[in-house]
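Please examine the sequence and the three-dimensional structure shown below before reading the report.

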Amino acid sequence: MTDIRLLELRPVAGMFSNVNQVIQHLYMAEKQGYRFAIDWSGSCYRWDYLDQDPWEYYFEPCFELPDDMDRASLASCPQDLPNVYYKGKYYDKDNIMVSFIWPEGSVGLQFWPKERNLPYRLIRKYIHLQPHIQEMIDDFARQHFSGPVVGVHIRGEGAKDTGEVWLRTQFRSVDPR
């Protein structure tokens, strides 16, 4: 049987962070010859009225799994995939998506991807939105994007623990809140 593992995503992490983690694991899976199923059952995005893993709300599975492999049998898969973003467990300066170096007692230094084509290839090959989600996006774009668009990423209070303090210090920015 093919080497199939279980990737448990962080429950309270945001979508962007967890997608980055999946992309890093896709890279590792290609290099090491395994496939994985995703478990995000503890997600803050869980809807009580749906009996699905929240990853499945938005994305198709990254890999085809054997027909007889259901969610219950995934529990028997090896769960040794590292959480690539959890401080103290596995920060890797060679992470293809977001590289961090955590000097002792510091906030952490983030580096941009060294090669953007590799993550792009992995995204195109493995990460596919559910068709109904893609349809909603396309409908929204048709209705609202008739001219130039500016995207803004607004963070809540959680911004304080994502390197924001270090960035504000570096660029002498003042917290507007």
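The report that follows describes a predicted model.

Nonpolar side chains tend to be buried together in soluble globular proteins. In this model, the largest nonpolar core has 25 residues, and those with the most contacts inside it include Val 22, Leu 26, Phe 36 and Trp 55. Two or more residues of this core come from each of helix H1 (15–32), E2, H2 and helix H4 (117–126). H1 gives the most, with six residues.

Leu 26 illustrates how parts of the chain meet. Leaving aside residues up to four places away in sequence, Leu 26 touches Phe 36, Cys 62, Phe 63, Leu 122, Tyr 126 and Ile 127.

## Helix H1

The 18 residues of H1 should span 26 Å at 1.5 Å a residue, and the end C-alpha atoms are 25 Å apart, which agrees. Among the buried residues of H1 are Asn 18, Val 22, His 25, Leu 26 and Ala 29. The buried residues of H1 pack against strand E1 (4–8), E2, H2 and H4. Just after H1, Gly 33 takes a positive phi of about 75 degrees.

## A buried serine in a loop

Ser 43 lies in the loop between strand E2 (35–39) and helix H2 (54–58). Is Ser 43 buried or exposed? Ser 43 has a relative accessible area of 7%, and it is therefore buried, since buried means under 20%. Apart from residues up to four places away in sequence, Ser 43 touches Pro 11 and Pro 54.

## Salt bridges

Side chains of opposite charge can pair when their charged atoms come close. The structure holds four salt bridges. One of them joins the side chains of Arg 5 and Asp 3, at 3.0 Å from N to O. Arg 5 counts as buried at 15% relative accessibility, whereas Asp 3 counts as partly exposed at 30%.

Glu 30 forms a salt bridge with Lys 125, with the closest N and O atoms 3.4 Å apart. This pair links distant parts of the chain, as Glu 30 is in helix H1 and Lys 125 is in helix H4, 95 residues apart. Asp 139 forms a salt bridge with Arg 142, with the closest N and O atoms 2.3 Å apart. Both Asp 139 and Arg 142 lie in helix H5, three residues apart, about one turn of the helix. Salt bridges that share partners join Glu 30, Arg 121 and Lys 125 into one network.

## A nonpolar surface patch

Phe 140, Phe 145 and Val 149 make a nonpolar surface patch of about 290 Å². Phe 140 is found in helix H5 (residues 131–144) and counts as partly exposed, at 44% relative accessibility.

Methods: Residues are numbered from 1 along each chain as its sequence is written. This is a predicted model: local features need pLDDT of at least 70, side-chain atom pairs count only at pLDDT 80 or more; totals for chains, interfaces and linings use all residues. Side-chain values use heavy atoms; hydrogens and water are left out. Helices (H or I, at least four residues) and strands (E, at least two) are DSSP runs, numbered from the N terminus. Buried means under 20% relative accessible area, exposed over 50%, partly exposed in between (1.4 Å probe, protein chains only). Contact means heavy atoms within 4.5 Å. A nonpolar core is a set of buried Ala, Val, Leu, Ile, Met, Phe, Trp, Tyr and Cys residues joined through side-chain atoms within 4.5 Å. Patches are made of residues with over 30% relative accessible area and no salt bridge: like charges are joined within 9 Å, nonpolar side chains (Val, Leu, Ile, Met, Phe, Trp, Tyr) within 5 Å. Accessible areas come from the Shrake-Rupley method with a 1.4 Å probe; for residues, only the protein chains shown count as cover. The expected span of a helix is 1.5 Å times one less than its number of residues.
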